[in-house]
Amino acid sequence: MSDCLYHLLCLLIYPRGKTSNPYGTSKAMVEQMLTDLCKSDDDWSVALLRYFNPIGAHPSGLIGEDPKGIPNNLMPFISQVAVGKRKELSIFGSDYPTNDGTCERDYLHVMDLADGHLAALSCLDSTGVHIFNLGTGKGLSVLDMVNSFVDVTGVEIPYVFADRREGDLPAFWADASKVESELGWKANRTLDQMMEDTWRWQSNNPDGYM
Ligand SMILES: O=c1ccn([C@@H]2O[C@H](COP(=O)(O)OP(=O)(O)O[C@H]3O[C@H](CO)[C@@H](O)[C@H](O)[C@H]3O)[C@@H](O)[C@H]2O)c(=O)[nH]1
């Protein structure tokens with residue numbers, strides 16, 4: 001399916017404010033509340049930053065992701081398999097209508113995300129609601145992520161294909177054109193950097209913040 005057709009279908013199926021799960025609904029509710037706040041009081045300035053899939057860690061290896069219990073998200077699961085805390089990765093679904101059958105997401109480096117917040121401060125000089133997508137604008141599949149991690153770190157990631165996870169969409173990525181043209185922000189860090197920094201953090205801190 002072409003990017004353009006997929007984008008159009010998503011807009012039709014998921015117009016703004018329509019959500020498919022309670023987590024998404026909670027995000028939409030907060031956006032609505034802040035939008036209403038700005039309508040009710042002209043003095044407010046609000047930036048709504050829509051994160052896509054932040055991964056990676058601080059390049060020092062001192063600050064990183066340390067989920068409690070079994071990780072729900074892909075990247076911490078991969079890195080915990082790599083460090084020997086989990087036996088294998090289960091890839092949720094292999095028959096999606098994507099290039100390799102696994103879901104595609106827009107992964108960006110957490111340090112780019114942090115820079116996005118700094119860039120957004122400038123828009124708060126003008127009142128009202130300012131909405132920006134923070135992503136790279138490019139979708140990568142679950143297998144792309146596994147293969148990239150293995151290439152960069154040299155550590156094998158055993159995986160099995162499992163059933164689809166309820167609520168997952170086949171593919172989505174950011175339209176990041178507005179944030180670039182209005183704030184001059186662009187996600188610059190490479191996928192290799194995301195993998196290197198994730199692995200530096202995880203291998204230096206196998207048990208997280210102990
Ligand atoms: O053990 C796993 C975990 C995830 N996935 C797949 O990997 C992709 C990415 O999943 P995940 O890392 O959980 O991210 P999303 O579900 O796309 O997004 C959630 O996680 C993001 C990163 O924290 C948040 O930004 C989003 O708001 C939140 O919805 C999806 O296709 C999952 O099915 C697997 O195959 N196996």
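Which element gives the most to the shell around the ligand? Strand β3 does, with four residues.

## Basis of the model

The model is predicted: local features require pLDDT of at least 70 and side-chain atom pairs count only at pLDDT 80 or more, whereas totals for chains, interfaces and linings use all residues. Residues are numbered from 1 along each chain as its sequence is written, and side-chain values use heavy atoms, with hydrogens and water left out.

## The ligand shell

The ligand is surrounded by 19 residues, a residue being near when one of its heavy atoms lies within 4 Å. The closest are Lys 27, Leu 74, Ser 90, Arg 105 and Asp 168. By class, the shell holds 11 nonpolar, four polar and four charged residues; Ala, Val, Leu, Ile, Met, Phe, Trp, Tyr, Cys and Pro count as nonpolar, Asp, Glu, Lys and Arg as charged, and the others, Gly among them, as polar.

Oxygen atoms of the ligand lie 2.5 Å from a polar side-chain atom of Asp 168, 2.7 Å from a side-chain N or O atom of Arg 105 and 3.1 Å from a polar side-chain atom of Tyr 23. Of the 690 Å² of accessible area that the ligand has on its own, the protein covers 85% (Shrake-Rupley method, 1.4 Å probe).

## Ser 141

Ser 141 belongs to strand β7, residues 140-141 (strands are DSSP E runs of at least two residues). Ser 141 is buried, at 1% relative accessible area, where buried means under 20% (1.4 Å probe, protein chains only).

Beyond its neighbours within four places in sequence, Ser 141 is in contact (heavy atoms within 4.5 Å) with Asp 100, Thr 102, Cys 103 and Glu 104. The side chains of Ser 141 and Asp 100 are joined by a polar contact of 2.5 Å; such a contact is a pair of N or O atoms within 3.5 Å, and within protein one must be able to donate a hydrogen and the other to accept it, with residues adjacent in sequence counting only if both atoms are side-chain atoms.

Key:
Buried < 20%, exposed > 50% of the residue type's maximum accessible area, 1.4 Å probe, protein only.
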